[in-house]
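Biologist: Please take one part of this model and look at it closely. I would like the surface first, then how that part sits in the whole.

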Amino acid sequence: MLVAPVTEEATKGLFLVLLLWWRRHELDGVLDGIVYAGMVGVGFAFTENILYLAAAYDGADGLGPGGVEAVTATFVLRCVLSPFAHPFFTAFLGIGVGLAVTSRSRAVRLAAPVVGYGVAVGWHALWNASTMLPTGFFGTYGLLMLPAFLLLVAVAVWCRALERRVLTAALEDAAARGLLPAGDIPWIADLRLRRQVRADARRGGGARAAGIVREYQEAAVELGFLHHRVLRGTAPGDFVQRGQVHLRRMRATRPLIPIPAQVVTVR
């Protein structure tokens with residue numbers, strides 16, 4: 001009950017730490033950390049749930065007499081009521097990794113992942129001990145776990161809005177330096193317009209046109225976040241080379257974007 005949170009969160013967190021260490025440029029902030037942590041947590045939960053369902057059917061590991069009834073109870077508990085548990089726990093380490101990427105403070109860069117790991121272990125341990133608490137499993141679930149999960153979702157939504165403002169500001173500065181047309185910024189920084197432009201391109205020119213728009217947008221987003229880190233003083237050492245790669249992708253695709261997609265923001 002106490003060992004599992006320490007070892008399982010360390011196992012899931014290892015991917016995020018390796019990503020932070022060797023592929024730091026893939027992380028642009030807290031939202032990326034939450035997303036990557038969620039993906040790791042979902043994969044871990046999927047694998048673990050298969051093992052638990054098989055053990056429940058066989059009656060192994062103290063999961064009841066086995067058979068269909070045991071499988072059904074395990075399925076409801078793990079796959080219906082708490083499928084978000086592992087992504088939720090690991091998201092705190094993801095937040096720590098995201099803060100480490102964006103912070104200019106060496107202390108924060110070192111401490112944030114460690115604190116995030118500690119919080120993930122704490123929530124995991126609380127979840128495992130829920131049946132032993134005075135509130136019981138369903139009380140812990142309703143009073144603590146579900147509200148905390150919804151709060152984490154709200155934090156992710158807030159981070160997305162914040163990153164849109166950050167990306168817009170960085171792209172405006174890049175546009176002032178002649179790196180991209182200022183008129184492109186709305187349908188690069190805004191997710192809704194980003195999808196709308198691709199849909200317009202697909203209607204007008206098919207999958208190839210939509211792919212060209214997507215390629216341009218992805219390169220511009222990467223350039224924007226890299227430029228933001230340059231302005232903050234947290235850019236990687238090879239930021240010039242990475243920036244040139246993004247610019248080459250943008251310059252190769254921008255002339256091919258269909259005209260309707262270019263003027264979608266003024267409708």
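Predicted model: local features only at pLDDT ≥ 70, side-chain atom pairs only at ≥ 80, totals over all residues.

Modeller: Leu14, Leu18, Trp21 and Trp22 form the patch. Together they have about 530 Å² of accessible area. Leu14 is found in helix α1, which covers residues 3-22. Leu14 has a relative accessibility of 48%. That value lies between the 20% and 50% cut-offs, so Leu14 counts as partly exposed.

Now the setting. The protein chain has 10 helices and 0 strands. Read along the sequence, the pattern is α-α-α-α-α-α-α-α-α-α. The C-alpha trace spans about 65 × 45 × 30 Å along its principal axes. The chain exposes about 14100 Å², and carbon and sulfur atoms supply 67% of that area.

Turn to the interior. Of the 267 residues, 43% are buried. His246 lies in helix α9, residues 239-253. Leaving aside neighbours within four places in sequence, His246 is in contact with Ala219, Glu222, Leu223 and Leu226. Across the chain, take contacts with a separation of 6 or more: residues 24 or more positions apart account for 66% of them.

Last, the cysteines. A search of the whole structure finds 0 disulfides. Cys159 is buried, with a relative accessible area of 6%. Cys79 is partly exposed, at 24%.

Technical notes. Residues numbered from 1 in each chain as written. Heavy atoms only, no water. Disulfide = S-S within 2.5 Å. Buried < 20%, exposed > 50% of the residue type's maximum accessible area, 1.4 Å probe, protein only. Patch = residues over 30% accessible without salt bridge, like charges linked within 9 Å, V, L, I, M, F, W, Y side chains within 5 Å. Areas by Shrake-Rupley, 256 points an atom, 1.4 Å probe, with all protein chains shown as cover. Salt bridge = Lys/Arg side-chain N within 4 Å of Asp/Glu carboxyl O. Helix = DSSP H or I, 4+ residues; strand = E, 2+ residues; numbered from the N terminus. Contact = heavy atoms within 4.5 Å.
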